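I opened a new model today and kept notes as I went. These are the entries, in the order I looked things up.

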Amino acid sequence: ENKDWQAAIRVIEKIEKAGFEAVVVGGAVRDFLLKQQVHDVDVATSAMPNEIKKIFSSTVDIGIAHGTVLVLDEGQPIEVTTYRTEGIYIDFRRPEEVTFVKSLEKDLQRRDFTINAMAMTKNGELIDIYGGKDDIEHQIIRAVGDPNSRFREDALRMLRAVRFSAQLGFSLEKNTLKAIQQDSELIEFIAKERIHMELSKMWMTQNVYAGVNALVDSNLAKYLKGNFRKNLEDWKYFNSNRSEVGWAYLCLLNRTNLNEIIDFYKLSNREKNFIRTVLNCYQALLNHWNELDYFQYDLSTLEVAYDFAIWQQKKVPFRKEHIALVKSSLPIQSLNQLAVNGTHFKEWASKKGGPWMKVALDAALVAVLKGHVKNDEQHLKEWFLNEFNIEG
Ligand code: ATP
Ligand code: MG
């Protein structure tokens, strides 16, 4: 079966051999029971970080303060974390310091939702103290323990509940939802970087519309930028496996307050560049793409802009397949394929270089793209001499 899972089993066996406990925990157990693709397989152990480092020859300290050591087992990275609780919560945020504990039960108790609070032994025995398996069967996201206290400990959990509802297509358990509605304003205490991370994950899920609905129902939308309540229906068809597409779409739906969104969510330069390009491309689509648009935007950018129009149920008079077809049948695919450059123009015009050359090059590019002139030196020379009224 799964490679990561096998590596985790090998790691557990070595830890047990050294006299400690170790189990698979969290998301991997949840996804295993859901028969979904398991990605990171996390291991929890009774061994202290320094003891883990003694057992394995190759480790990386990725979060020693939180008790996490990355073990490289035959090249496969597995995160191994010592059983812990989270100590004291201040200002509704997750604490920096943790307390190591001896029992797995205590470790599972600090976890956010029942579906994330299960463990599995190397033999596949499920340790399920909070009814996570039942909640998976009923497709429910339920806080471990009293939901209000858990959200007051770490308010990000409210947004995680929404994100998991979108990721798994589950609903929020009644009391868990009620608690979020009561505590929603606490999300203002959470660092924007953590909010950014959760929403980035949410954009890549299969049920973003359900997630945005949950944001609105839970009242969280009120304390986040983006007018989710007002724009709800624009999210109905949204679907992407790239988080930056989600951010760009959010920006599009809020383009009159673009900078507010960018600042609030602390979008990165990479995200900002992508957003600028896609929004320009989308604007060009509304004015009907010409040859230059097909030439200068990447196929993926054109397709994202096309999706934006479709998701908003705007009429686009061609099919998506058409984009790749038009783009690939352009006379040239990149500027270096143009048969002439500035040096040619200078020679033909017997003029010194200057801003006029850029004008001429742009005009030549458009003429070639539109098929007004063949892309070879001879035809371009004739075109140039004629276009710029130069005596031959
Ligand atoms: P995925 O990787 O699919 O996003 P995951 O369950 O692995 O899902 P992570 O954010 O990677 O989610 O966290 C790993 C585990 O750590 C969770 O399953 C949960 O048990 C615990 N956890 C993470 N964040 C919190 C939190 N804020 N409060 C309590 N427990 C948490
Ligand atoms: Mg994970």
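The notes go from the domains to the sheet, then to the cores, a helix pair and a few single residues.

**Entry 1: domains**

I noted first that this is a predicted model. I looked up the domain bounds next. Domain 1 covers 1-136 and domain 2 covers 139-224. Domain 3 takes 231-330, and domain 4 takes 335-387. I then checked the centres of domain 1 and domain 3, which lie 40 Å apart over C-alpha atoms.

**Entry 2: the sheet**

In what order do the seven strands of the open sheet run? I read it as S3-S4-S5-S2-S1-S8-S9, with mixed pairing. The edges are S3 (59-63) and S9 (126-127), and each of these pairs on one side only. I also found helix H1 (residues 3-17) packed on this sheet. H1 touches S1 (22-25), S2 (42-45), S4, S5 (76-82) and S8 (119-120). The direction of H1 makes about 50° with that of S5.

**Entry 3**

I stayed with S4 (residues 68-73) and went through its partners. S3 and S4 run antiparallel and are joined by three bridges. I looked up two residue pairs here. Gly-63 has Thr-68 in S4 as its bridge partner. Thr-59 has Val-71 in S4. The two strands form a hairpin with four residues between them. In that turn, Gly-67 has a positive phi of about 85°.

On to S5. How many bridges join S4 to S5? I found six, and the two strands run antiparallel. Thr-68 turns up again in this pairing, with Thr-81 in S5 as its bridge partner. S4 and S5 also form a hairpin, this one with two residues between them.

Is S4 mostly covered or mostly open? It is mostly covered, as five of its six residues are buried.

**Entry 4: positive phi outside glycine**

I looked for residues other than glycine with a positive phi. Glu-74 has one, of about 50°. Glu-74 sits in the loop between S4 and S5. Its relative accessible area is 62%, so I list Glu-74 as exposed.

Gln-313 is another case, with phi near 60°. This residue lies in the loop between H15 and helix H16 (321-328). Gln-313 has 55% relative accessibility, so it counts as exposed.

**Entry 5: the nonpolar cores**

The largest nonpolar core holds 117 residues. Which of its members touch the most others? They are Trp-203, Leu-215, Phe-228, Trp-235, Tyr-265, Trp-289 and Phe-308. I followed one of them, Phe-228. Leaving out residues up to four places away in sequence, Phe-228 touches Trp-203, Val-212, Leu-215, Val-216, Ala-221, Trp-235, Leu-250 and Tyr-265.

There is also a second, separate core of eight residues. Its members include Ala-44, Tyr-83, Leu-108 and Ala-119.

**Entry 6: H9 and H10**

Trp-203 and Leu-215 came up again when I turned to this helix pair. Helix H9 spans residues 192-203, and helix H10 spans residues 208-217. Their axes come within 9 Å and cross at roughly 140°. Why do I call H9 and H10 oblique rather than antiparallel? Only angles over 145 degrees count as roughly antiparallel. The crossing is roughly 140°, so H9 and H10 are oblique to each other. On the H9 side, Leu-199, Met-202 and Trp-203 make the contacts. They meet Val-208, Gly-211, Val-212 and Leu-215 in H10.

**Entry 7: Thr-301**

I picked out Thr-301, which is in helix H15 (residues 299-311). Is Thr-301 buried or exposed? Its relative accessible area is 7%, so Thr-301 is buried. Beyond residues up to four places away in sequence, it touches Thr-277, Val-278 and Cys-281.

**Entry 8: Ile-129**

My last stop was Ile-129, in the loop between S9 and helix H5 (132-137). Ile-129 has a relative accessible area of 40%, so I list it as partly exposed. Not counting residues up to four places away in sequence, Ile-129 touches Glu-105 and Leu-108. Leu-108 is one of the members of the second core. I also checked Val-144, 15 residues from Ile-129 along the chain. The C-alpha atoms of the two are separated by 9.8 Å.

Definitions and conventions
Residues are numbered from 1 along each chain as its sequence is written. Chains are lettered from A and ligands numbered from 1 in the order in which they are written. This is a predicted model: local features need pLDDT of at least 70, side-chain atom pairs count only at pLDDT 80 or more; totals for chains, interfaces and linings use all residues. Side-chain values use heavy atoms; hydrogens and water are left out. Domain bounds come from an automatic or database domain assignment. Two strands pair if DSSP finds at least two bridges between them. Contact means heavy atoms within 4.5 Å. Axes are lines fitted to C-alpha atoms, for helices over the stretch in contact, and angles run from 0 to 180 degrees between N-to-C directions. Buried means under 20% relative accessible area, exposed over 50%, partly exposed in between (1.4 Å probe, protein chains only). A nonpolar core is a set of buried Ala, Val, Leu, Ile, Met, Phe, Trp, Tyr and Cys residues joined through side-chain atoms within 4.5 Å. Angles under 35 degrees count as roughly parallel, over 145 as roughly antiparallel, 65 to 115 as roughly perpendicular and the rest as oblique.
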